[in-house]
Amino acid sequence: MKRRLFATVGVIAVLALSACGGTDSEDTASGAPSTSASAPMASASPSMMMSGQFGSGCAAVPTDASNPGSFEAMAKVPVATAASGNPLLSTLVTAVKKANLVDSLNGAQGVTVFAPTNDAFAKIPKADLDKVLADDAMLKKILTYHVVTTQLSPDTLAGTHKTLQGDDVTVTGSGTSFTVNGISMVVCGNVSTANATVYIVDSVLMPKS
């Protein structure tokens, strides 16, 4: 009887241990789907960087791909046309049209454009801005100073670069933080258009000559 009792107890113990092992295995297995389910959230941040744009100002750009001001839409058309759909750049677009530069900018290939926001133009006293807008030659000089003759990625942005106007611009910084000529911050960078890379800035650049 004692042997049978011991045998029964032994069997029960083995079954209990097996059951515990099965529970651990099931917990591990059930943990796997949980880990897998969280994976897309973990990869969301890297995937957001795939497009390459950076800067706090990018939040104001429309996210609907059908909107002409969205990054997706801008990438399909040349730079002057792309800017015309972006709500941050309406004053710039008005100035470009006034200076008859739409065709020139749309026809340029492999350029970089520093595009001042509406707020950047608003920093200029109204009387001064009206004077510039009324002087086509001066307006053209200022606008072409915002266009670099080569296409710059964020990795090659820092440095001194020749503009269409003839003077140089100097960009300092790295990563996702850049300043042009020591005064104008890039608020939304690495925006692609069909013929240019655009860096939206918070101050209007003025040529030296």
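**View 1. Val-171 has Val-180 in β5 as its bridge partner.** Strand β4 (residues 168-174) and strand β5 (residues 177-180) are paired in the antiparallel sense over four bridges, where strands (E, at least two residues) and helices (H or I, at least four residues) are DSSP runs numbered from the N terminus, and two strands pair if DSSP finds at least two bridges between them. The hairpin of β4 and β5 has two residues between the strands, and in this hairpin Gly-175 takes a positive phi near 65°. The model is predicted, so that local features need pLDDT of at least 70 and side-chain atom pairs count only at pLDDT 80 or more, whereas totals for chains, interfaces and linings use all residues. Residues are numbered from 1 along each chain as its sequence is written, and side-chain values use heavy atoms, with hydrogens and water left out.

**View 2. Strand β5 pairs with strand β6 (residues 184-192) in the antiparallel sense over two bridges.** Val-180 has Ser-184 in β6 as its bridge partner. In the hairpin of β5 and β6, which has three residues between the strands, Asn-181 adopts a positive phi near 55°.

**View 3. An open sheet of seven strands has mixed pairing.** The strands follow the order β2-β1-β7-β6-β5-β4-β3, and the edge strands, each pairing on one side only, are β2 (147-148) and β3 (159-162). Strand β1 (residues 111-116) runs antiparallel to β2 and is joined to it by two bridges, with Val-113 standing opposite Val-147 in β2.

**View 4. Helix α5 (residues 90-98) packs against helix α9 (residues 136-144).** The angle is about 125° and the axes are 9 Å apart, the axes being lines fitted to C-alpha atoms over the stretch in contact, with angles running from 0 to 180 degrees between N-to-C directions. That makes α5 oblique to α9, since angles under 35 degrees count as roughly parallel, over 145 as roughly antiparallel, 65 to 115 as roughly perpendicular and the rest as oblique. Leu-92, Ala-95, Val-96 and Lys-98 in α5 meet Asp-136, Leu-139 and Leu-143 in α9, contact meaning heavy atoms within 4.5 Å.

**View 5. A salt bridge joins the side chains of Asp-136 and Lys-98 (2.7 Å, N to O).** Here a salt bridge is a side-chain nitrogen of Lys or Arg within 4 Å of a carboxyl oxygen of Asp or Glu. The pair links distant parts of the chain, with Asp-136 in helix α9 and Lys-98 in helix α5, 38 residues apart. A search of the whole structure finds three salt bridges.
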